[in-house]
Amino acid sequence: MSDNEETPENRLRKELPEEVPATEPDVTAAPDVMAAPEEKQPSLTGRQRLVKGLWPPRVTRAQLIVAVLLFGLGFGLAVQVASNSNSDSALRGARQEDLVRILDELDDRTQRLEDEKQGLQKQRDELENSSDQAEEARKQTVEKEKQLGILAGTVAAQGPGITMTIEDTKGTVQADMLLDAIQELRAAGAEAIQVNDVRVVANTYFTDSGKSVSVDGNKINAPFRFKVIGKPADLEPALNIPGGVVQTLEKEQATVAVERSNKIVVDALRAAKRPDYARSSSQ
């Protein structure tokens, strides 16, 4: 058989089309028809999921309002704690003997109030049990008038007490410092007070007048001399408590001298003044 003879196999090959090599699909031309498989995302740990949930923060309006309110509450508590710490700092730094003296002063004030209560109860019992109630009432009225005259400054007074002299060569003592001294003395049981030549009464006021001080409109100059009637054992410690009148004045470079005496004379008088509006309510 010659090579040119056609066999069935050669005849079949001629009838079939030529083989065409396969081409790869154009991914860019038809992205919707064929896409590359997505890469699998790695799994997150618990800490990563927590961080992802917390940051960036998603703050709502309600949460913002609550945060502002909590901040205001915390700030108020901090200010209150700081204020209490400042007010108690003097006592924390005080010596043991100073603390004992402060406690003794408080006990003395309590005792004075108790004595005053017992005195009023005694007067009431005398009025109820006296056979001549009218005469007893008159005596008590006269005694009360004298007491009120001392408080009002219309009569002179004498008794045990102290004198306090404030030397102010630097001119640093101001009206509010003298007023603090008056208030401290009253709290310690002072019954009559005179500053230089001015009688101190319930409505007395202090004002700064240039480099000096005015008391009820009367100008006074240093040295400031306080004459005070009361129990010396109560008055002097009240001025010398830690952070009190004496220490405050000494910080202003003033010199303070306090002396006890068995007889203090308060003779500066105030004219009796009729109230403009107040009237007695007794019938």
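This report describes selected strands, helices and one surface patch of a predicted model.

Strand β5 covers residues 212-215 and is buried on both faces. S212 and S214 lie on one side, V213 and V215 on the other, and all of these residues are buried.

On one hand, β5 pairs with strand β4 (residues 206-209) in the antiparallel sense, through 4 bridges. Within this pairing, V215 of β5 has F206 opposite. The hairpin of β4 and β5 leaves 2 residues between the strands, and G210 there adopts a positive phi near 65 degrees.

On the other hand, β5 is joined to strand β6 (residues 218-220) by 3 bridges, and the two run antiparallel. Here V213 faces I220 of β6, the two standing opposite each other. This hairpin also has 2 residues between its strands, and D216 in the turn has a positive phi of about 55 degrees.

## Strand β7 and its partners

Strand β7 spans residues 224-229 and is mostly covered, with 5 of its 6 residues buried. Strand β1 (residues 157-167) pairs with β7 in the antiparallel sense, over 6 bridges. In that pairing, R225 of β7 has T165 opposite.

Strand β2 (residues 192-195) also pairs with β7; the sense is antiparallel and there are 4 bridges. K227 of β7 stands opposite Q194.

## Helix α6

Helix α6 is made of 13 residues, 175-187. From its first C-alpha to its last it reaches 19 Å, close to the 18 Å expected at 1.5 Å a residue.

The buried residues in α6 include A175, M177 and L178, as well as A181, I182 and L185. Just after the helix, G189 has a positive phi of about 105 degrees.

## A nonpolar surface patch

V66, L70, L73 and L77 make a nonpolar surface patch of about 390 Å². L73 belongs to helix α3, which covers residues 61-92. L73 counts as exposed because its relative accessibility is 53%, and the cut-off for exposed is over 50%.

Methods:
Residues are numbered from 1 along each chain as its sequence is written. This is a predicted model: local features need pLDDT of at least 70, side-chain atom pairs count only at pLDDT 80 or more; totals for chains, interfaces and linings use all residues. Side-chain values use heavy atoms; hydrogens and water are left out. Buried means under 20% relative accessible area, exposed over 50%, partly exposed in between (1.4 Å probe, protein chains only). Two strands pair if DSSP finds at least two bridges between them. The expected span of a helix is 1.5 Å times one less than its number of residues. Patches are made of residues with over 30% relative accessible area and no salt bridge: like charges are joined within 9 Å, nonpolar side chains (Val, Leu, Ile, Met, Phe, Trp, Tyr) within 5 Å. Accessible areas come from the Shrake-Rupley method with a 1.4 Å probe; for residues, only the protein chains shown count as cover. A salt bridge is a side-chain nitrogen of Lys or Arg within 4 Å of a carboxyl oxygen of Asp or Glu.
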